[in-house]
Amino acid sequence: MNLSQFPRRNYVQDATPIEALPAFSAALGGKVNIFIKRDDLLPGCSGGNKTRKLDFCIADGMEKGADTIITCGAVQSNHARLTLSWAVKEGLDCHLILEERVPGSYKQDGSGNNFLFNLLGVKSTKVVPGGSDMMGEMEKLAEELKKQGKKPYIIPGGASNAIGATGYVACAQEIQQQLFDSGLNIDHMVVPSGSAGTHAGIAVGMYGTNAGIPVSGINVSRKKELQEEIVHKLAVETATRVGMREEIPADQITCFDEYVGPGYSIPTDSMIEAVKLLAQTEAILLDPVYSGKAMAGMVDLVRKDHFAEGSNVLFLHTGGSPALYAYLDTFK
Ligand SMILES: *Cc1c(COP(=O)(O)O)cnc(C)c1O
């Protein structure tokens, strides 16, 4: 896999840290050694995983002459915040279509990422009901903007196409170099699994280099079977793009759906416990929608002895902490 053949904007200049979590591991009984890959510290306003994907997606848009970026997300979308923030840095206009997946959850003067959309100077936001055809909405807006002489480029939700997922193939390579340099041998990796680009990219990057590090995805919205199918499909496309010769087998994609709770972005007790525990043992902030639920899954898997005693497990922290401020009541 030669990733330097693809245009990128170099948003990721340095490797994000891999840190040991000794106090957090001890609080879970000390059976396994938990490590964390700090992609919450990636550049881009308030950090998070979308920066790695946007590095490639925005480069593709700019190569095609775009002066305007259109993307979509939920009402507290980290992806929308990061797309907007990189558009600001690049001098591009940015328009957002927001999907109100939980009825009544959009608040015009809401906190968290919603506050940042306005602070960062979004060109327009349109809120549509849950289940809307998001690509259709973005294409409609693109047509309107073209009539005004703009050159819009659409980035799909979560930047989860093969272009964006390439950023997480690169992350898997970065992790392997860090593990080699530090002499740390990781037995298992746990990642959040949402719009699927992160999970697919890591799975391709690990499988494609015969790393021998199994990857488990923790779902934030969908059922296990459907999510595994979506991640696998994107992994196959991504593997083809990066030049992997053999097809990635479906059994390389494993998802857990027990930690979603009542639905996407709806708080669960185990999420609240995980967010508080990591904050109070390691002073690292998770988020209520993605990394908090993913960490709740990781905590439960440790408690259920899913990982062999003494294993080294690496959790991918994908960011999202600005959303905490839209959930103050949940943590009271
Ligand atoms: C988008 C997001 C994820 C999920 O990543 P996908 O590539 O969409 O699966 C996880 N954590 C945070 C904080 C996110 O914003």
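**Helix 4**

I began at the end of helix 4, where G121, just after the helix, takes a positive phi of about 80°. Helices here are DSSP runs of H or I with at least four residues, strands are runs of E with at least two, and both are numbered from the N terminus. The model is predicted: local features need pLDDT of at least 70, side-chain atom pairs count only at pLDDT 80 or more, and totals for chains, interfaces and linings use all residues. Residues are numbered from 1 along each chain as its sequence is written, and side-chain values use heavy atoms, with hydrogens and water left out.

I then looked up burial in helix 4 (residues 112–119): G112, N113, N114, L116 and F117 are buried. Buried means under 20% relative accessible area, exposed over 50%, and partly exposed in between, with a 1.4 Å probe and protein chains only. The buried residues of helix 4 pack against helix 3 and strand 4 (93–100); contact means heavy atoms within 4.5 Å.

S46 has phi near 70° and is found in the loop between strand 2 (33–38) and helix 2 (50–63). With 42% relative accessibility, S46 counts as partly exposed. A159 has phi near 50° and is found in the loop between strand 6 (152–154) and helix 6. A159 has 0% relative accessibility and counts as buried.

I checked helix 8 (residues 224–241) against helix 7 (residues 197–207): their axes come within 8 Å and cross at roughly 55°. That makes helix 7 oblique to helix 8. Axes are lines fitted to C-alpha atoms, for helices over the stretch in contact, with angles from 0 to 180 degrees between N-to-C directions. Angles under 35 degrees count as roughly parallel, over 145 as roughly antiparallel, 65 to 115 as roughly perpendicular, and the rest as oblique. At this contact G197, H199, A200 and V204 of helix 7 meet V231, L234, A235, T238 and A239 of helix 8.

Next I took helix 6 (residues 162–182), whose axis comes within 9 Å of that of helix 8 and crosses it at roughly 80°. Helix 6 and helix 8 are therefore roughly perpendicular. Here A162, I163, A165, T166 and V169 of helix 6 meet L234, E237, T238 and R241 of helix 8.

**Rings and charges**

I looked for charges over rings, which requires NZ of Lys or CZ of Arg within 6 Å of the ring centre and within 35 degrees of the ring normal. The charged end of R241 sits over the ring of F6, 4.0 Å from its centre. R52 lies over the face of Y168, at 5.7 Å from the ring centre.

How many aromatic pairs does a search of the whole structure find? It finds two. Y11 and W86 are stacked, at 3.7 Å centre to centre with 10° between the planes. Y11 lies in the segment before strand 1 (18–20) and W86 in helix 3 (residues 78–90), 75 residues apart. Y11 and W86 are buried. The rings of Y264 and Y290 have centres 5.9 Å apart and planes at 70°, so that pair is edge-to-face. Rings of Phe, Tyr and Trp (its six-membered ring) pair if their centres lie within 6.5 Å; planes under 30 degrees apart count as stacked, over 60 as edge-to-face and the rest as tilted. Y264 is buried, at 12% relative accessible area.
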